[in-house]
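This report covers sheets, helix packing and domain contacts. Please keep the sequence and the 3D view open while reading.

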Amino acid sequence: MLLDIREIHKSFHKPDGSELLVLDGINLAVNKGEIIGLLGRSGSGKSTLLRLIAGLASPSAGSIIYLGNEVTAPPPGVAMVFQNSALFPWLTVLENVQLGLEALGLPINELRQRAIKAIDLIGLDGFESAYPRELSGGMRQRVGFARALVVHPNILLMDEPFSALDVLTAETLRTDFLDLWSEGQLPIKGVILVTHNIEEAVLMCDRIFIFGNNPGRIINEIKVELTHPRARLDPTFRDLVEHIYVEMTTRAVSTSAGKRTEYFPGTGIGTNLPSVTSNSLSGLIEAVAAPPYNGEADLPVIASSLRMEIDDLFPVAETLQMLRFAEVAGGDIKLTTEGLQFLEFDTDQRKRLFAWHLLTYVALAAHIRRVLDERPTHRAPWNRFSDELEDYMPQAAAERTLRTIITLGRYAEIFSYDDEKHIFSLDNP
Amino acid sequence: MMQRLSVSKWSRRFSALFWDGVAALLVLGLIVFLAQASSDFMQPLVESEHDVISLDPSALPEYALRTSLRMLLAMVLSLLFTFTYATWAAKSRRAEQILIPLLDILQSVPILGFISITVVFFLSFAPGKMLGAELASIFAIFTSQAWNMAFSFYQSLHTVPRELDEVSRSFRLSPWMRFWKLEVPFAMPALIWNMMMSMSGSWFFVVASEAISVGDTIVTLPGIGSYIALAIDQRDLGAVGWAIAVMLIVILIYDQLLFRPLVAWADRFRFEQEAGVPPPHSWVLTVLRRSQWVAFTTALFAKIWCWTYQRSQQPAWKAGFSWKKTEVNLKPWVDWLWYGMIAVVCVAISWKITFFVLQEVALAEVGTAVFLGFITMIRVFVLITVASVIWVPVGVWLGLRPGAARIAQPIAQFMAAFPANLLFPLAVYGIVTLQLDPDIWLSPLMILGTQWYILFNVIAGASTIPGELRDISANLGVRGWLWWRRIALPAVFPFYMTGVITASGGSWNASIVAEIVSWGNTTLQAHGLGAYITEATVAGDFHRVVLGIAVMSAFVVMINRLFWRPLYVLAERKFRLG
């Protein structure tokens with residue numbers, strides 16, 4: 001066993017001194033020769049877990065055992081590939097790749113040889129003296145891989161390494177990596193891949209851990225037993241992708257019906273709102289209503305037809321569900337009667353319907369409106385609500401939630417907001 | 001839990017004020033200490049060395065060389081200071097609390113005011129010899145260069161991109177390697193820009209610091225500054241002309257041989273990898289890059305540096321996994337000890353300052369100094385307004401025409417670098433001939449050198465107005481006053497603020513030499529705090545010098561905190577494009 005993660009909890013301090021739990025009881029083990037996938041939406045704590053494994057942060061409770069030792073600082077033999085390649089722009093390709101070796105204190109001749117070998121392996125020969133700014137995104141990410149591989153790590157950590165690339169480049173890089181891996185050319189014993197792309201996870205991983213939100217936790221573990229190279233159009237592959245889609249959507253709903261109000265969209269004022277706009281909401285309604293879906297669509301299908309990733313589509317779909325314009329379940333999205341009605345209306349009627357739904361189903365919107373109504377001046381500062389929200393969520397999330405409610409509230413004309421004075425008011429709503 | 005809750009904005013604001021106060025006390029305390037040490041050593045000396053300066057133009061190249069060497073030495077010192085002081089402040093929480101406000105206050109202290117004190121102090125090390133005076137001059141130049149460089153470096157250290165930080169941690173770079181591979185390169189573009197600004201600003205001080213008279217002590221160092229001081233003394237207009245011409249050439253050479261290559265070279269350190277903007281170019285750098293000899297030398301240096309990395313690194317097999325447990329919780333009693341120490345030091349210093357000043361000066365004179373401060377303040381504000389009314393429209397006009405801006409921008413930067421005090425004699429000559437009122441006509445001298453900061457910042461701002469924005473205003477027929485109000489002024493406002501803050505700070509400093517100016521044995525004097533400080537300096541009265549400096553620093557700090565900074569924040573928030 002390469003790595004053993006036991007009962008990891010991680011929480012962050014909030015400004016008011018209380019704790020925010022982002023990882024709750026994570027257990028997983030990585031064996032030699034495995035590619036492990038951590039699949040989940042943004043905010044599910046999977047990147048945080050990766051940083052704990054890399055020794056860049058320390059867990060609040062639990063332990064990470066790597067080759068029999070507890071990880072408390074960046075351990076040797078664990079290398080990371082970053083989302084945006086994270087190259088040093090002032091170093092050439094060769095110097096970037098050498099960085100880790102220099103830190104090991106190797107003699108100059110040896111580190112040059114190893115770096116050139118790694119550069120050749122990853123298909124960058126001829127670019128040794130180029131600076132990162134001269135390279136395309138895909139080439140840069142290759143340098144990122146070479147830099148990680150050259151230190152001959154036991155474990156390679158990958159933090160969404162393909163998500164910043166265009167579709168074709170990402171696919172080439174993935175298959176190149178998989179080819180090298182299955183041919184045994186890579187000097188690594190195990191891989192942990194963080195991703196929010198379901199197909200990517202199924203394409204690359206031997207085991208996939210699906211992460212749930214609030215707090216981040218593992219909701220399921222799925223073994224992928226297809227042989228490499230895997231074909232995306234293979235029916236077994238498609239079934240697996242569909243299965244995981246359903247898993248991720250139904251789990252979100254079934255847990256939400258449970259104990260904590262925050263999970264259920266639109267109940268408490270502490271609901272964490274994603275960054276969505278009224279345009280994206282009505283855009284999805286239109287897309288689902290249009291043929292060939294006619295009001296009911298398969299989420300993976302509509303996602304790919306809109307060229308969106310789940311990370312982009314889920315927040316919109318969930319907000320529609322929160323507003324009762326749609327229902328999301330079993331990997332499907334279905335418009336409600338009101339959702340269909342919304343389509344028929346002209347701009348003013350739409351706004352009125354939207355306002356009514358916003359005030360009825362989104363507690364925060366109703367709360368802001370009530371506070372403004374109650375105050376004689378009909379004004380309230382930003383802090384009035386942000387402080388309140390920070391009891392439920394970290395500061396960044398509170399800010400995002402408040403920004404979203406401002407956008408939606410402005411569209412619905414239920415209140416207005418002055419960004420210079422940071423004041424909510426009922427002026428001219 | 002309640003205690004943590006109360007650490008909110010109010011206490012943060014209060015604590016900022018508190019640390020500012022501590023820093024101000026420390027700076028003043030240091031000046032008092034220097035002044036007291038100096039007054040013990042005050043003695044008439046080195047009168048004879050005054051004769052060494054020759055007004056023959058053929059001596060000027062040597063003087064220019066000496067002056068620029070002083071400049072270069074001070075720059076090296078400033079860099080050393082930057083790398084140590086700013087790094088210390090960025091890495092240690094306790095040090096940061098005190099070091100950063102200290103920098104802030106030091107930036108606001110009028111350097112010209114305490115040159116006299118430091119001269120005598122350094123002379124006391126090597127009385128009768130030039131070394132002390134050289135040190136004092138270099139120190140004065142250093143004080144005009146170091147603060148903003150250190151600030152810029154400190155800020156860069158705090159904004160190192162998170163991912164690069166994680167890369168260097170996960171590859172376990174030693175602190176030494178991390179410093180040279182990550183932190184210094186990342187800070188380089190901003191640091192070089194600040195070095196250029198520092199250099200621009202310090203020509204003014206190098207000229208002022210070469211010929212100093214404190215009481216009976218007259219110190220002259222061979223250099224352009226002393227040359228011009230002698231020319232003024234002997235009313236030699238021709239010699240003044242020569243000095244100005246040579247200064248122009250020196251600044252030009254510095255620009256071509258030092259800064260252009262540096263800027264072109266530092267381009268690779270820019271973190272944003274945007275395309276489109278043509279990279280800066282320097283013929284000197286191209287020559288250097290093609291030279292075999294230079295290539296050999298740099299390769300040698302690179303080797304040595306690599307070797308230091310290896311030495312600084314713990315070998316992997318020794319390192320283990322938990323080679324460094326981070327201490328998260330500092331013990332509270334250490335904190336209390338630290339704060340207690342600061343409190344004791346502060347009380348002692350304030351007692352000392354009060355005692356030192358009131359020893360010689362009546363309490364009522366503090367009121368006089370404050371009153372004079374107000375006069376100088378009015379001058380600064382009026383001049384800034386006048387300069388703005390002139391240069392903002394000109395700058396916008398130039399900035400919107402790329403061809404014109406390309407020519408005007410370097411000229412404006414060049415004018416900012418030119419030591420305006422070289423031109424003072426000409427002004428005095430004019431005022432005396434035309435018999436004008438010095439209280440009014442000496443004032444423009446204060447802004448002579450600093451107004452250019454307004455101009456070149458506005459040019460820079462206007463040239464960033466996006467083409468689309470101009471197209472849409474043409475399309476909608478927005479012109480005249482509406483165009484200025486809605487497009488031009490908001491777009492250049494943040495840039496204008498940067499320029500105007502620099503100009504204002506510089507003018508306060510310049511008031512010390514501009515409010516009292518002489519030409520041969522004619523001396524013109526305006527009423528103001530600058531003149532007060534200069535008079536006290538000439539009389540060798542350190543008690544009044546300290547009082548003057550304290551009052552001026554207080555004015556500058558207050559104006560910055562209560563007026564410029566809020567405006568700057570507003571500009572950043574409201575008008576920053578993109």
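## Conventions

Two strands count as paired if DSSP finds at least two bridges between them. Helices (H or I, at least four residues) and strands (E, at least two) are DSSP runs, numbered from the N terminus.

This is a predicted model: local features need pLDDT of at least 70, side-chain atom pairs count only at pLDDT 80 or more, and totals for chains, interfaces and linings use all residues. Residues are numbered from 1 along each chain as its sequence is written, while chains are lettered from A and ligands numbered from 1 in the order in which they are written.

Strand β3 (residues 34-39) of chain A pairs with strand β8 (residues 190-195) of chain A. The sense is parallel, over six bridges. Within this pair, A:I36 has A:I192 in β8(A) as its bridge partner. Both strands belong to an open sheet of six, in the order β6-β7-β8-β3-β9-β10 (chain A). Its pairing is mixed. β6 (78-81) and β10 (217-223) of chain A are the edge strands; each has a single partner strand, so one side of each lacks a neighbour in the sheet. On average, neighbouring strands are turned by 20° against each other, direction ignored. Axes here are lines fitted to C-alpha atoms, for helices over the stretch in contact; angles run from 0 to 180 degrees between N-to-C directions.

Contact means that the C-beta atoms of two residues, placed from the backbone, lie within 7 Å.

## The four-stranded sheet of chain A

A further open sheet has four strands in the order β2-β1-β4-β5 (chain A), with antiparallel pairing. Its edge strands, β2 (19-30) and β5 (69-70) of chain A, each pair on one side only. Strand β1 (residues 3-13) of chain A joins β4(A) through five bridges in the antiparallel sense. There, A:D4 stands opposite A:I65 in β4(A).

Strand β4 (residues 61-66) of chain A and β5(A) run antiparallel, joined by two bridges. A:Y66 has A:N69 in β5(A) as its bridge partner. The two strands form a hairpin with two residues between them. In the turn, A:L67 has a positive phi of about 50°.

## Two helix pairs

In chain A, helix α2 (residues 93-104) and helix α3 (residues 108-121) pack at about 125°, with axes 9 Å apart. They are therefore oblique to each other. Angles under 35 degrees count as roughly parallel, over 145 as roughly antiparallel, 65 to 115 as roughly perpendicular, and the rest as oblique. The contact includes A:V93, A:L94 and A:V97 from α2(A), and A:L111, A:R114 and A:A115 from α3(A). By class, it has eight nonpolar, one polar and two charged residues. Ala, Val, Leu, Ile, Met, Phe, Trp, Tyr, Cys and Pro count as nonpolar, Asp, Glu, Lys and Arg as charged, and the others, Gly among them, as polar.

In chain B, helix α23 (residues 529-538) and helix α24 (residues 542-575) have axes that come within 8 Å and cross at roughly 155°. They are therefore roughly antiparallel to each other. Residues at this contact include B:L529, B:Y532 and B:I533 in α23(B), and B:V545, B:G548 and B:I549 in α24(B). The contact divides into eight nonpolar, two polar and one charged residue.

## Domains of chain A

Chain A is divided into domain 1 (3-249) and domain 2 (278-425). Domain bounds come from an automatic or database domain assignment. The domain centres, taken over C-alpha atoms, are separated by 34 Å. Their contact takes 15 residues from domain 1 of chain A and 13 residues from domain 2 of chain A. On the domain 1 side, helix α7 (residues 235-256) of chain A gives the largest share, five residues. That side divides into seven nonpolar, four polar and four charged residues.

## Domains of chain B

For chain B, the assignment gives domain 1 (44-277) and domain 2 (360-578). Their centres, over C-alpha atoms, are separated by 21 Å. The contact takes 29 residues from domain 1 of chain B and 32 residues from domain 2 of chain B. Elements that each supply at least two residues of the domain 1 side include α4 (93-108), α8 (175-210) and β1 (211-214) of chain B. α8(B) gives the most, with seven residues. By class, the domain 1 side has 20 nonpolar, seven polar and two charged residues.
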